[in-house]
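Have a look at the coordinates and then read on.

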Amino acid sequence: MTMSYNSEFYIGFLAVFLIVYFLMPRPRLRLFVILAGNMLFYKFAGGLNPMSVIFATAILVWLITMKMGRGYEECEKQAADLDRKAKNALINEAKKKNRKWLALGLVLILGFLIYIKVGRVLHFDEVGHIRDIRFTAMLVPVGLSYYTFSAVGYLADVYWRKAKAEKDPVKVLTALTFFPIIIEGPILHYDDLMKQFDEMPGFSYERLSFGAQRIFWGLFKKIVVSDRLAAYTTTVFGNLGEFFGIEVLLAVIANVLVIYTDFSGCMDIVIGSAECMGIELPENFRQPFFAKGAAEFWRRWHITLGAWFKDYVYMPLAMNPRFMKWTGSIRKKAGARASRIVSSAVPLMIVWILTGLWHGTGINYLLWGIYWGILIVAETAFAPELKKIPEKLGVNTESFGYQFLQMARTFIYFAVGRMFTADGSKGSIIHILRQMVGEHRLWTLFDGSLYEHGLDRKDFYVALAGICVIWIVDILSTRMKIREELAEQPLVFRWLVYYALVIAVLIFGLYGPQFVASDFAYGVF
Amino acid sequence: MKISSKVKKAARALIFFLILILMLGGMSDVLRVKSPGRAANGFYDMKSGQCDVVMLGPSMIQQGCFPLELWKDHGITAYNLGSGNQSPIASYHFAKEAIEKQHPKLIIVECGQFRMRKTALKTSYIHYLTDNMPFFSQNRLSLIADYSKEAKIKTEDTIGLFVPLTLYHSNWKKLTKKYFTEDVKNKTCGARISTKIDSQVDVFGEVEVNPSFELPDRSSRYLEKLMDLCDETGTELLLIMMPIPGATKYVSFGSFKRRYNTMEAIKRIASERGYNAVNLLASYDELGIDPQHDTKDGQHLNYWGGVKFTSWLGSYLKENYALEDHRDDPGYKTYQDAYEIYQDYIDDKLGDTEADAEAEAEEDEI
């Protein structure tokens, strides 16, 4: 039996875990229960051998941050009676010494991630046991990209003195292997998580209830909507040469909805699971398709990835003295605007190239990253000109229609972006566009043949109804905290809503012995 | 008295889950597969206390023993709860269920599966048995628990047995009136009847009895449990081995010998406890069964074989058990009505073409 957040096995595991967790009288004991839960989860999700890689990473992170932290502590002791200038000099000295530890950590941890990514491009084997490891036979832990980024962030935060080094290795190990986030994130500041380990509250009816609601909402998105639509998109993109026109267009649109409901559904399950324990995780989605531009979209989609790149790539680059000196020289030669454009465009393009490579190592992922980079840079660079266009055309930019069209444009941006990677091939977008314009096949909308490609008519209606429900909930989420609002409603009304959600998942969900719990799409990164 | 908010919350949560479980049971009941071939289809429709005889055991008895023939000839009210590959574990729990629901005077158990050292692994067999049982039936839950443990069934399959909704939920696409009204009625009081004839049967020879043959542990255990159950409830128990006319792809001579010796061992145990046990495995002549006509596949009796066997059984029951003839009792009109439906069903079946009979026989194969 394999563990996946959308499997009955996970629900059973979580139920047993929470019972044991709530029986513990103190936070420290609950910490050990979480650690045990992490190991058990990973045993079924990835295997004990790959887990040894994460354990080794956790120990390495702890050792390095302890080394850096001790250096700063000694420095602070010595600087206690010094003036500010002397204190800063001492700290910079300590920082210089810690640079080598940071570099060691980054080389080893990021280096392993890069090795895996390159290995995949070169088609190295992936093995499941330590004894089978060779240079061209890799042991790949599940959730590698996620915990690597979180670990790198923690190392950097300790180096920059934004976070204090955690002395307790159990906390570091528990944070790095925390089962709700290990497979698909969110990417978080381990420091924030470890602070919550000190306070872990016991049983709370409200937290458990809210957490359970969130989990079921995530299951609704994943097993009712996402997996259902995926049956169609898999059929079309798996046999692209046989589909044309509207069939391909619908697959592209459905693919956007699949990835949204799959990933955000996973986040709901994960955040809900942590909420049951009394642990707060950062949100990863904020109604992304309500965004009115590319930049805004990425502040609403996979929020923690964007925040990580901003904190650890964009800002260090943009604030780098040499880079600032260079953009300063551009200001002198080409003016303030040119300097402003270059100072944001260069780090942005680097961020987006790396973001593309984080998602995958093929040329199509690189092109995907460049695509988004160009969109965002253009939006930022030409913001004044773009603003003037509707003004000149006399369009009311506050109107619902205009804002709706902006949101539709964002959807199209994302859909086009998905075409770079949808069929898994290098020339994915070219293949898809060629098939889309080859023949329109509009008759398939009316003669029933559209329902012969993995999604029958009834499934289509269920998926459509599901999307409408998700859309309504997303709209309501912008105006209120839905679970809190629901909790204020009369008992009969809220129970009707809860039962409707549970029954929808139980009846319409794609689960059970005849279905294999399909992996979450972002779990492969 | 002021109730604390913790108690109120606990009570609310409990009520919420109880209602949810009731809904799960109701939804499982609506969405499960409805087929006359499934065990217990129709059993729960019978008026309590009216069924005097219940048959249990694997497909040999399910396909070879016709309750409504017993009604026709002797006015005996009976129901056939046999099912494919029904193991001793299932027979025991079903016996409990039958006793609780109908208080029969006699339980007949076909002992073919008592020869097995291992429990059959197919969960589909258990679904055949348990899906039609009431969702909250204690016997259903304990049958699944025992069977899952003995057969070492996978956890996800066990969940599917306890909560059939996890298996059948996608039947929402097929929902028609029949799923709500359960009008797919069993017309034969549980028996499965085939009009296929296999005329190429090689008849088995004589079997040398092995007097030191011992039943597998699990079979002994469940035989003792069955007899204890009948002792406690004052129910009569008849243990039989149905005739197997000849060699088939399912029954070799080795298997035939094992069955024979199993029944002889059961006879020894039953006689110590004062219960009747009859070994009819090779009793074709005594039963008047023609191996070249009265079997659908060499192993299972067809309609003609079943009528002959049931006729013999009726006489045996009349001689050995005090079972009432209810044919003139107006309180048993439903049985007469059931017999008329059965008669029409048989007439239709006898009008089936050979191809229909072949197709149905293949469909029935489990």
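**Charged patches and the build of chain B**

In this predicted model, A:Lys67, A:Arg70, A:Lys97 and A:Lys100 form a positive surface patch. The elements giving two or more residues to the positive patch are α3 (48-78) and α4 (84-121) of chain A. A:Lys67 sits in helix α3 of chain A, and its relative accessible area of 40% makes it partly exposed (buried is under 20%, exposed over 50%, partly exposed in between, with a 1.4 Å probe and protein chains only). A patch takes residues with over 30% relative accessible area and no salt bridge, joining like charges within 9 Å; a salt bridge puts a side-chain nitrogen of Lys or Arg within 4 Å of a carboxyl oxygen of Asp or Glu.

B:Glu340, B:Asp344, B:Asp347 and B:Asp348 make up a negative surface patch. B:Glu340 belongs to helix α14 (residues 333-350) of chain B and counts as partly exposed because its relative accessibility is 45%.

Zooming out, chain B has 15 helices and 7 strands (DSSP runs: H or I of at least four residues for helices, E of at least two for strands). Of its 366 residues, 55% count as buried. Take the contacts (heavy atoms within 4.5 Å) in chain B between residues at least 6 apart in sequence: 84% of them join residues at least 24 apart. Chain B exposes about 16,000 Å², with carbon and sulfur atoms supplying 53% of it; areas are Shrake-Rupley values with a 1.4 Å probe.

Some bookkeeping: residues are numbered from 1 along each chain as its sequence is written, and chains are lettered from A in the order in which they are written. Local features need pLDDT of at least 70, side-chain atom pairs count only at pLDDT 80 or more, totals for chains, interfaces and linings use all residues, and side-chain values use heavy atoms, leaving out hydrogens and water.

Terms used. Patches are made of residues with over 30% relative accessible area and no salt bridge: like charges are joined within 9 Å, nonpolar side chains (Val, Leu, Ile, Met, Phe, Trp, Tyr) within 5 Å. Lys and Arg count as positive and Asp and Glu as negative; His and the chain ends are not counted. The place of a charge is taken as NZ of Lys, CZ of Arg, CG of Asp or CD of Glu.
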